[in-house]
Amino acid sequence: KNPDSLPQCVRSYFEARWSHDKNYEIACMGGLPHGWSYDMLENVENRVMLLELPTSQLFGWQWGDVNTIVFSVRADQLQRNRYRDVRCDITN
């Protein structure tokens, strides 16, 4: 929360790491997942990706073996604002 509270000897290390991580730990909505997702690729004609969350060292969460988690729903259900069929898949 407060980088100034870190000792100077480690602050430069963490600031460089945070600067690097922020470029690769970006959530996505819509489109296709960055990783291989069985559910999306096998059903690309009738499913829509709602959200993709990458493993994040900044936030401290990890999905599977350092992959992303993908939430998808059938396109016809999304058009009707129904989210009962949301599926979760971890990419590899």
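Predicted model: local features only at pLDDT ≥ 70, side-chain atom pairs only at ≥ 80, totals over all residues.

Residues are numbered from 1 along each chain as its sequence is written, and side-chain values use heavy atoms, with hydrogens and water left out.

**The chain as a whole**

The chain contains 3 helices and 3 strands, which follow one another along the sequence as α-α-β-β-α-β; helices (H or I, at least four residues) and strands (E, at least two) are DSSP runs, numbered from the N terminus. The radius of gyration is 17 Å, well over the 12 Å that the globule rule gives for 92 residues, so the chain is more spread out than a compact globule. This radius is taken over C-alpha atoms, and the globule rule is 2.2 Å times the number of residues to the power 0.38. Along the principal axes, the C-alpha atoms fill a box of roughly 55 × 25 × 20 Å. Of the 92 residues, 26% count as buried, where buried means under 20% relative accessible area, exposed over 50%, and partly exposed in between (1.4 Å probe, protein chains only).

**Aromatic rings**

The structure holds 3 aromatic pairs. Rings of Phe, Tyr and Trp (its six-membered ring) pair if their centres lie within 6.5 Å, and planes under 30 degrees apart count as stacked, over 60 as edge-to-face and the rest as tilted. Two of these pairs are set out here.

| Pair | Centre to centre | Angle between planes | Kind |
|---|---|---|---|
| Y13 and F14 | 5.0 Å | 75° | edge-to-face |
| W61 and W63 | 5.9 Å | 35° | tilted |

Y13 is partly exposed at 49% relative accessibility, and F14 is partly exposed as well, at 27%. Ring pairs also link Y13, F14 and W18 into a cluster.

**A nonpolar patch**

W61 also belongs to a nonpolar surface patch of about 400 Å², which is made by W18, L58, F59 and W61. Patches are made of residues with over 30% relative accessible area and no salt bridge, with like charges joined within 9 Å and nonpolar side chains (Val, Leu, Ile, Met, Phe, Trp, Tyr) within 5 Å.

Methods: Areas by Shrake-Rupley, 256 points an atom, 1.4 Å probe, with all protein chains shown as cover. Salt bridge = Lys/Arg side-chain N within 4 Å of Asp/Glu carboxyl O.
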